[in-house]
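The stops below are given in order.

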Amino acid sequence: MAGRSVVVGVGHYLPERVVPNSEFEKTLDTTDEWIKTRSGIERRHFAAEDETTSDLATNAALAALSDAGLTADDIDAIVLATSTADLTFPSAATMVQARLGMTKGFAFDVQAVCAGFVFALSNANALIVSGQAKRVLVIGAETFSRIMDWTDRSTCVLFGDGAGAVVLEAQEGTGTAEDRGILATDLNSDGRYKDLLYVDGGVSTQSTGHLRMQGNQVFRHAVEKLTKTAETALERAGLSSSDVDWIVPHQANIRIIQGTAKKMNLPMENVVVTVQDHGNTSAASIPLALSVGKQRGQIKPGDLIVTEAIGGGLAWGAVVLRW
C-alpha cells in the first residue's frame, strides 16, 4: 500500500467584468485579430476595484469545498499560489483561512509566478505523503491586472484575473501507476533567466512595478522546458505520453500549448484549452482549466492528467495525476 494525494474537489471563480480584445483597440495600436492570432486570447476577466486576490481565492476555495462535499473544518492546510497577494504580509492564504472560518491547521503562500500552482500542488502532496496533513486546499489566484503597463501592447493584452482550487485528500493506493491521485512531480528553476519575465518593482524599491517580458525568449524556453518536465514527471511515474488522457497546461499562449502537445506527440483533442476565455491568469490558470474541464465533461474519474507550467524565475514544472 502507498499513500496518495487524491483530488476530491475542484472549483473556480472569475470576476464579473469581461474584457474583450476589442476594448484594447480604443487605447492601443492593436486589433482583436492581432491578439487572437498571436496568443489565442479572445477575452479575459478583470477584478473590480474593491476585489482582491484573497477574495477570488476564497470564492474558488468555497466552490472546491462544495464540489468535494466538505467544509473548512475538514481541511488541515491551505497552500495558495500567487504573485499578487493583497499585502506584503500576512499571506493571502491566511486571509482565506480566516474567511473560511478555519481555526485549525496552517496556511501559507507559494510564489513561483505562472508555475506557482504546480509548485503548490507538489508541496501539498509532500505534506500529505509525509503525514503532516490529511486534506489540503490548494489554490491558485491572481490579479495580474494590477501590475500591467497599459501602454505596453505586447504584455497588457495577455493577462487576466481569476482563481481556481482543488481539495487534496490522503487515500491509500497500491503504489502503482493505476492509483488515483498524484503519481509524480518535477520542479525546476534557473535564476539566470530573471530578465526574461519579471516585475520591475517590489518592497525593496518601494514600488509596485509593472510586468516586463521578452516574449520571444520566453516562448523559446517554454516549449522545450515544458515538454522536458512533462516527460520527466511521466517517466518518474513509469508512464509515457501515450498513456496520457489530458494535458492541462498553463494557459499562457495557444502557440506554446500547441507546440508542447506536438512535441509530446499528443493531438490537441487531448488538451484542455481555456486561454481564449481567460487569458493568462498565471498561477490560477491550471486549476481554472481543471475546473472548467470537469464542467465540460472532458475530465472524468480515472483519467491520467499531466499539468505543466513555466513562469518568471524562470521556474517550471509538471505534475502527473490520475483523476
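Where in the chain is confidence lowest, and where is it highest? Colour the predicted model by pLDDT (the predictor's confidence in each residue, from 0 to 100): the lowest mean is 96, in α1, and the highest is 99, in strand β4 (residues 77–81). Over the chain the mean is 97, and 100% of residues reach 70 or more. Helices (H or I, at least four residues) and strands (E, at least two) are DSSP runs numbered from the N terminus. Residues are numbered from 1 along each chain as its sequence is written. In this predicted model local features need pLDDT of at least 70 and side-chain atom pairs 80 or more, whereas totals for chains, interfaces and linings use all residues, and side-chain values use heavy atoms, without hydrogens and water.

Next, select asparagine 21, in the loop between β2 (17–20) and α1 (32–39). Asparagine 21 counts as buried because its relative accessible area is 1%, under the 20% limit (1.4 Å probe, protein chains only). Show arginine 44 as well: its side chain and that of asparagine 21 are joined by a polar contact of 2.8 Å (N or O atoms within 3.5 Å, one able to donate a hydrogen and the other to accept it; residues adjacent in sequence count only through side-chain atoms on both sides).

Finally, select Leu226, His250, Ala252, Asn253, Ile256, Ile257 and Ile310, which line the largest cavity (a set of points on a 1 Å grid over the protein atoms alone where a 1.4 Å probe fits but cannot get out; lining residues have an atom within 4 Å of a point). Its volume, the space filled by probe spheres set on the points, is about 30 Å³.

How values were computed:
Buried means under 20% relative accessible area, exposed over 50%, partly exposed in between (1.4 Å probe, protein chains only). On a 1 Å grid over the protein atoms alone, a cavity is a set of points where a 1.4 Å probe fits but cannot get out, and a pocket is an open set with protein on both sides within 12 Å along at least five of seven lines; lining residues have an atom within 4 Å of a point.
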